[in-house]
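Dear colleague,

I am passing on the structure below, with some notes on what turned up when I went through it. Please read them alongside the coordinates.

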Amino acid sequence: MADAAEEEVDAFILKPLDEDLVYKYLLDTMERKLNPSEYASVLKDVRGFFRDGNLDKAFAMASMAKILGNRPAMANYYCGEVCRQWGKFEQALDEFRQGLNINQLHYKCLAGEFLTLKDLDKKDEAYQVISKISQHFPLTPELLKNAFILSILSHHFKDVEKYYGLYLRQPRKTPDLKLTVSAALLTSAKILLREKNVPKALDYFKKGAIISGRQSEYLSNVIDTLVAEKLGNECNDFIKM
């Protein structure tokens, strides 16, 4: 579903399924495809220009689509994304937020807002947006990786546990994601040690070690940290890994 939400799909259906509702939904979707509105037709052109890298035309057509649509959140998204790629970040934010005023859970506008805040290095605001996305949508590996990074950079260390749960349910655990998760767990464990929460820190260390593939560099880092904290007796489990 996360990948579907990032693509230009016509519809997707979630469980639980109701036969009558599914039938009606499919008919409605087919009707929109066979007899698209003027707004939908213009958006199709926008997508084509955008994919081809013709940002000037994509922006001009998306601006026209905003006038044609009753709830033109997708047109706002394209205007915002073009502005983001042009480096006009404040204008991009304004477009994404206009789209979110129309539909507060518009996935692409939320993702665009998040990426723009990240571009602007507004870590706390970006983290709030990625948290909202994670509450309502599955995260792609790239977004989940960013969630871990920002939870550390914005000092939301306790949220690492929440994203670890999402990681376990992630069907595509890319090498880059694994590296990020293990590093986030390591960093959070060190913070927990400073807070004297030893059991939780050890749990994080172990989870991170397993995700890292029990790499010697990772294990050495854990052991050195435990020794520095005068917890040498806790090193045995990691020495045996």
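**Helix packing and core**

Helix H9, which spans residues 141–153, packs against helix H10, residues 160–169, at an angle of about 165 degrees, and their axes lie 10 Å apart. Please bear in mind throughout that this is a predicted model. Since angles over 145 degrees count as roughly antiparallel, H9 and H10 are therefore roughly antiparallel to each other, and their crossing is left-handed. On the H9 side the contact is made by Leu144, Ala147, Phe148, Ser151 and Ile152, while H10 contributes Val160, Tyr163, Tyr164, Leu166 and Tyr167. Sorted by class, this contact of H9 with H10 comprises 9 nonpolar residues and 1 polar residue, with no charged residues.

H10 also packs against H11, where the two axes come within 11 Å and cross at roughly 155 degrees. The same cut-off of 145 degrees applies here, and H10 and H11 are therefore roughly antiparallel to each other; H10 passes H11 in a left-handed crossing. In this second contact, Val160, Tyr164 and Tyr167 of H10 meet Leu177, Lys178, Val181, Leu185 and Ser188 of H11. By class, the contact of H10 with H11 has 6 nonpolar residues, 1 polar and 1 charged.

Which residues touch the most other members of the largest nonpolar core? That core holds 69 residues, and the ones in question are Ile133, Phe205 and Leu226. Its largest share, 9 residues, comes from helix H11, which covers residues 175–194.

Ser212 lies in the loop between helix H12 (198–211) and helix H13 (216–228). Is Ser212 buried or exposed? Its relative accessible area is 12%, and because buried means under 20%, Ser212 counts as buried. Ser212 touches Ser182 and Tyr218, again not counting residues up to four places away in sequence.

With best regards

Note on methods: Residues are numbered from 1 along each chain as its sequence is written. This is a predicted model: local features need pLDDT of at least 70, side-chain atom pairs count only at pLDDT 80 or more; totals for chains, interfaces and linings use all residues. Side-chain values use heavy atoms; hydrogens and water are left out. A nonpolar core is a set of buried Ala, Val, Leu, Ile, Met, Phe, Trp, Tyr and Cys residues joined through side-chain atoms within 4.5 Å. Buried means under 20% relative accessible area, exposed over 50%, partly exposed in between (1.4 Å probe, protein chains only). Helices (H or I, at least four residues) and strands (E, at least two) are DSSP runs, numbered from the N terminus. Axes are lines fitted to C-alpha atoms, for helices over the stretch in contact, and angles run from 0 to 180 degrees between N-to-C directions. Angles under 35 degrees count as roughly parallel, over 145 as roughly antiparallel, 65 to 115 as roughly perpendicular and the rest as oblique. A crossing is left-handed if the near helix is turned anticlockwise from the far one by less than a right angle, and right-handed if clockwise. Contact means heavy atoms within 4.5 Å. Ala, Val, Leu, Ile, Met, Phe, Trp, Tyr, Cys and Pro count as nonpolar, Asp, Glu, Lys and Arg as charged, and the others, Gly among them, as polar.
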